[in-house]
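Visitor: I am new to protein structures. Could you show me how to read one, feature by feature?

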Amino acid sequence: MVRRIQLNEELLRIDRLTTSFRIADDYYAAVDEVTLSVGTNEIVAIVGESGSGKSALAYSIMGLHTRARIEGSIYYKGQDIASLPLSKLNKLRGKEIGMIFQDPQSALNPLMTVGDQIEEVLLLHRPELARKERRRRVIELLTKVGIPRPEHATGLFPHELSGGMRQRVVIAIAVANEPKLLIADEPTTALDVTIQLQILDLIRKLKNESGAGIILITHDLGVVAEMADRVAVMYAGQIVEIADIYTLLAGARHPYTRSLLQSIPAAGEAQSRLHVIQGIVPSLQHLPREGCRFRSRIPWIDESAHEAEPKLHEVAPGHFVRCTCHSDFHFPVHKEDDRHHAIS
Ligand SMILES: Nc1ncnc2c1ncn2[C@@H]1O[C@H](COP(=O)(O)OP(=O)(O)OP(=O)(O)O)[C@@H](O)[C@H]1O
């Protein structure tokens, strides 16, 4: 088959994006000077523990924060959409840029039928379509996302569908207008494993068919390994490592990435041999803002290994790592019977 889609034509470029929330009388950055690009026909995964700023980043791209302070730029096809008035942004959202939300239950309107909800986004962005054509498109979309008996499904309400079917409807809505950029925020978290695989397969198929760029947000490195072309690892609001998937899986450098990778069980490996990352991501107000943000979680590494103001260093073409501590990093040495850390 002839491949018509060009790889990696730049679609989105986020430049020093900082998203801060007001808590008491101060603003605290949940996304801190993030720079990242996404090409056409590319899946960029954003990975990190809960609280690392992944959703705050996704919502910033979509312009969905109502009370946050946004600094920096978000260029979509060369146009800075961070500073667009809402009326113009609304023309892009749901058309050029689609989003699949984490929880299909709350992403859908419980009082509207599936068919009406899909028709609504078509009506909003493609008013030129006649009613009959819209209806035809709804059936086509439901078929595409693998909903059985699509004609019948159009008349159902969300509560009449299983979680997996509801997520398919959310995807049908997100792709209804053939977006060029799709943001999927933990699209399979609420689903059981078999359904997860089907939904991921569906997202990959959509990318292959349309050449869309996809940002896939997840805390699951298994999903990353299956899906991503490139990976950005976030910790405490910052990107700490970016690389293509092969480099990341085989040659991760940042202590946080290495700890994440160490904590997934390899086939046949006993759970007790795994490294479990000590501590938790600090809350927004208590994030360390100076020096290496990860240093309190690797206390056995000498302080002198860290940079005073950690930057992203390009250690190989396209492979960036924050802070110098990666070059001295090693896992702690334990007695055989005391191999893993407890989460404190
Ligand atoms: N509207 C808000 N107001 C104040 N703080 C917020 C707000 N939204 C997010 N935060 C804080 O910002 C930080 C990053 O949150 P975010 O939801 O982006 O993390 P995440 O990596 O997506 O985690 P999860 O996987 O749990 O969704 C957290 O400390 C969170 O409590």
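Guide: Let us take a few features in turn, bearing in mind that this is a predicted model.

Visitor: Let's start with the ligand. Which residues around the ligand come nearest?

Guide: There are 14 residues around the ligand, and Phe21, Ala30, Ser50, Ser55 and Ala56 come nearest. Two elements give two or more residues to this shell: strand S1 (10-23) and helix H1 (54-62). The most comes from H1, with three residues.

Visitor: How many nonpolar, polar and charged residues does the shell around the ligand have?

Guide: The shell around the ligand has eight polar residues, five nonpolar and one charged.

Visitor: Is H1 mostly covered or mostly open, and how many of its residues are buried?

Guide: H1 is mostly covered, with eight of its nine residues buried. Among the buried ones are Ala56, Ala58, Ile61 and Met62. Just after H1 comes Gly63, which has a positive phi of about 65 degrees.

Visitor: How do I tell whether a residue such as Ile183 is buried or exposed?

Guide: Count the other C-beta atoms within 10 Å: 20 or more means buried, and 12 or fewer means exposed. Ile183, which is found in strand S7 (residues 181-185), has 25 such neighbours, so Ile183 counts as buried. Now try Glu133 in helix H5 (residues 131-144). Glu133 has 12 other C-beta atoms within 10 Å, so Glu133 is exposed.

Visitor: What is Ile183 in contact with, leaving aside its neighbours within four places in sequence?

Guide: Ile183 is in contact with Ala58, Ile61, Met62, Met99 and Ile215, once those sequence neighbours are left aside. Take Met62: Ile183 and Met62 are 121 residues apart along the chain, yet their C-alpha atoms are separated by 8.6 Å. For another pair, Glu133 and Gly39 are 94 residues apart in sequence and 31 Å apart in space, C-alpha to C-alpha.

Visitor: At what angle do helices H4 and H7 pack?

Guide: Helix H4 (residues 114-125) and helix H7 (residues 163-175) pack at about 20 degrees, and their axes are 8 Å apart. Angles under 35 degrees count as roughly parallel, so H4 is roughly parallel to H7. Their crossing is right-handed.

Visitor: Which residues make the contact between H4 and H7?

Guide: H4 uses Val114, Gln117, Ile118 and Val121, while H7 uses Val169, Ala172 and Ile173. By class, this contact has six nonpolar residues, one polar and no charged ones. Here is a general idea for reading such lists: an α-helix has 3.6 residues a turn, so residues three or four places apart point the same way.

Note on methods
Residues are numbered from 1 along each chain as its sequence is written. This is a predicted model: local features need pLDDT of at least 70, side-chain atom pairs count only at pLDDT 80 or more; totals for chains, interfaces and linings use all residues. Axes are lines fitted to C-alpha atoms, for helices over the stretch in contact, and angles run from 0 to 180 degrees between N-to-C directions. Helices (H or I, at least four residues) and strands (E, at least two) are DSSP runs, numbered from the N terminus. Angles under 35 degrees count as roughly parallel, over 145 as roughly antiparallel, 65 to 115 as roughly perpendicular and the rest as oblique. A crossing is left-handed if the near helix is turned anticlockwise from the far one by less than a right angle, and right-handed if clockwise. Two residues are in contact if their C-beta atoms, placed from the backbone, lie within 7 Å. Ala, Val, Leu, Ile, Met, Phe, Trp, Tyr, Cys and Pro count as nonpolar, Asp, Glu, Lys and Arg as charged, and the others, Gly among them, as polar. A residue is near a molecule or strand if its C-beta atom, placed from the backbone, lies within 6 Å of it.
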